Amino acid sequence: MRLILAAGLVSASALIAAPVFADVGHGHAAFSAGEPGNPKRPARVVQVVMREGDGKMLFVPERIEVKRGEQIRFVLRNNGDLDHEFVLATTKENIKHAEEMKKNPEMEHDDPNSKRLAPKKTSEIVWRFTKAGTFEYGCLIPGHREAGMIGTVIVK
Ligand SMILES: [Cu+2]
């Protein structure tokens, strides 16, 4: 319910959505890896594929570099046989969030910095990296991050 509500508000107005995120849940009030992008502005396209294989789960690529201030359009594709998600944040935040997911495995994400994809589905996130540093995209479904589903974003 809250996800539907939040998504509606985002499209209505990002300004109104900000305080809403503050009281709907688990720490999305401020985004640690930058800010939601503007889909109308130019963006570099980076495709990220999610899949399983050889006892591992992974993102391809597992590392990208961006310039500070750059806007990226992540084109997400789940080529696996299981649901996966893409949560863009700091490592610290993702670890904390993964612990919360263990208590509530059905928690689903559809926030500006995260998407959950069923097998063979495609989705997009437009993101602006406003801070220099090292960030990560992780799959926080219990067991997946541990199985290798971490990617690193270096912002220079
Ligand atoms: Cu996963």
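Predicted model: local features only at pLDDT ≥ 70, side-chain atom pairs only at ≥ 80, totals over all residues.
Started with R73: I find this residue opposite V126 in β9.

β5 and β9 run antiparallel to each other and share seven bridges. β5 itself covers residues 71-78, with N78 in it, and β9 takes in residues 122-128.

Next I traced the whole sheet. I get five strands in an open sheet, ordered β1-β9-β5-β2-β3, with mixed pairing. At the edges I have β1 (35-36) and β3 (56-60), each of them pairing on one side only.

β1 is antiparallel to β9, and two bridges join them.

Is N78 buried or exposed? I call N78 buried because 24 other C-beta atoms lie within 10 Å, and the cut-off for buried is 20 or more.

Which residues does N78 touch, leaving aside neighbours within four places in sequence? My list reads M50, H84, L117, A118, P119, K120 and K121.

I checked M50 separately. M50 and N78 are 28 residues apart along the chain, yet I get 4.7 Å between their C-alpha atoms.

Technical notes:
Residues numbered from 1 in each chain as written. Helix = DSSP H or I, 4+ residues; strand = E, 2+ residues; numbered from the N terminus. Buried ≥ 20, exposed ≤ 12 C-beta atoms within 10 Å, placed from the backbone. Contact = placed C-beta atoms within 7 Å. Pairing = 2+ DSSP bridges.
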